[in-house]
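User: I have a model open and want to go through it. Can you take my questions as they come?

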Amino acid sequence: MIFRRSETVIFYSWQETIVSMAVAGAIVGAAAGGWINDAYGRKKATIIADVIFALGAIVMAAAPDPYILIVGRLLVGFGVGIASVTAPVYIAELSPSEIRGSLVSTNVLMITGGQFLSYLINLAFTQVPGTWRWMLGVSGLPAVVQFFLMLLLPESPRWLFIKNREDEAIAVLTRIYDFDRLEDEVSSITTQLEQDPQKRDDIRYLDVFKSKEIRLAFLAGGGLQAFQQFTGINTVMYYSPTIVQMAGFHSNELALLLSLIIAGMNATGTILGIYLIDHAGRKKLALYSLGGVIASLIILSFSFFNQSSANGLYGWFAVLGLALYISFFSPGMGTVPWTVNSEIYPQKYRGMCGGMSATVNWVSNLIVAQSFLSLAGAAGAGFTFLLLAVIAVLAFLFVVLYVPETKGLTFDEVELLWKERAWGKNPETLSLLQS
């Protein structure tokens, strides 16, 4: 019995390591992605990410042992990291201002929709010999398709302007706007560059933390990113088939089918979140989301604490807990951290602070992915989900105390909000904190 338990822990450790290496690669890719974007442009950065990802998929599919599989996962993660930095910037810089927000928001929807599609493909491959190789290898096809499609797309006009390639930039803008609008856009970009000629290299990372307002803003933004991961979302998405099997459903096909439903709910919840975030507000949406997450994790903990019972109903309770978790998490904590981090920093430090908070997210993701199954194997899934519930309670209190409501505020008003939090209310202005 002890030997079997030891084998289980070793198996989970290998599984965690293989999964976590993609996240480790993404941390490095995201860190390098900013430099690649600035040096070579958004289009080339995307193409580079596609090549690295496709190469990683081939390595994974052909891996003769777990060590080579880990190398493949690192390559895939590196490509994902570069893409995670590039895609939102590329979309925003090519989008007309009146639809920019909705187009950039669809990036999250495409991620959750892609997760749903991946489960559907994996379900189809469960009956194919060499199942896991096909599952991993086919992931390279979207990267290959995107590689060739990116060859047909233009470079970001704003990056071209920065590189003093005005003629090329105007040619790109001509494909997006009519003549009257084109003049306005060119004038706007030119004026912005003239007003803010400072280069990225002129900004030092240590300068960020000299300002109390920025420290408070980064505490809120980085904290949200950390709690997004430590409340267990990628545990559910990475390991939902394993969790379903832990609940007593030992058929691989059934486990993947139930996980497919979970992934579909995640994508649907993201659509709801895109609507609610500008109607309910960021803070209120996060609090409602965390309240439901806490309840869902308690249900999961209760189900696994009673897993040894002969009553198979507890297995269905676990599946219900997973479904409720996704239903509450995806509209709120799935979207709020990224939205808040895009609007709470001053213009000068917005990119830098946003990148640092994204790094917090990836590092937190790695910690959770590397520890969940070992903790569940050693202490039990019931205890593990109870621990996540406690962390969710801390996240709820964190949002109440440290995260302000930014719905409807301009960037100038957000900066004033942080100054009031740092130095007290300005008696000559109306306090935004009371709104």
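This is a predicted model: local features need pLDDT of at least 70, side-chain atom pairs count only at pLDDT 80 or more; totals for chains, interfaces and linings use all residues.

User: What share of the contacts comes from residues 24 or more positions apart?

Analyst: Counting contacts with a separation of 6 or more, 77% are between residues 24 or more positions apart.

User: Now helix packing. At what angle do α14 and α15 pack?

Analyst: Helix α14 (residues 282-305) packs against helix α15 (residues 313-329) at about 165°, and their axes are 8 Å apart. An angle over 145 degrees counts as roughly antiparallel, so α14 is roughly antiparallel to α15. Their crossing is left-handed.

User: Which residues make that contact?

Analyst: From α14 they include Y288, G292, V293, L297 and L300. The α15 side includes Y314, F317, G321, Y325 and F328. By class, the contact of α14 with α15 has 15 nonpolar, five polar and no charged residues.

User: What about α11 and α18, how do they pack?

Analyst: The angle between α11 (residues 212-230) and α18 (residues 381-402) is about 160°, with the axes 10 Å apart. These two helices are therefore roughly antiparallel to each other. α11 passes α18 in a left-handed crossing.

User: Which side chains are we talking about? Residues, I mean.

Analyst: L219, A220, G223, L224, F227 and F230 in α11 meet L388, I391, L394, A395, F398, V399 and Y402 in α18. That contact of α11 with α18 has 12 nonpolar residues, one polar and no charged.

User: Different topic. Is R73 buried or exposed?

Analyst: R73 is buried, with a relative accessible area of 18%; the cut-off for buried is under 20%. R73 sits in helix α3 (residues 66-94).

User: What is R73 in contact with?

Analyst: Apart from neighbours within four places in sequence, R73 is in contact with I18, V19, M21, A22 and M60.

User: Last one, N164. What is its phi?

Analyst: N164 has a positive phi of about 60°, although N164 is not a glycine.

User: Where does N164 lie, and is it buried or exposed?

Analyst: N164 is in the loop between α7 (157-162) and α8 (166-174). Its relative accessibility is 61%, so N164 counts as exposed.

Technical notes
Residues are numbered from 1 along each chain as its sequence is written. Side-chain values use heavy atoms; hydrogens and water are left out. Contact means heavy atoms within 4.5 Å. Axes are lines fitted to C-alpha atoms, for helices over the stretch in contact, and angles run from 0 to 180 degrees between N-to-C directions. Helices (H or I, at least four residues) and strands (E, at least two) are DSSP runs, numbered from the N terminus. Angles under 35 degrees count as roughly parallel, over 145 as roughly antiparallel, 65 to 115 as roughly perpendicular and the rest as oblique. A crossing is left-handed if the near helix is turned anticlockwise from the far one by less than a right angle, and right-handed if clockwise. Ala, Val, Leu, Ile, Met, Phe, Trp, Tyr, Cys and Pro count as nonpolar, Asp, Glu, Lys and Arg as charged, and the others, Gly among them, as polar. Buried means under 20% relative accessible area, exposed over 50%, partly exposed in between (1.4 Å probe, protein chains only).
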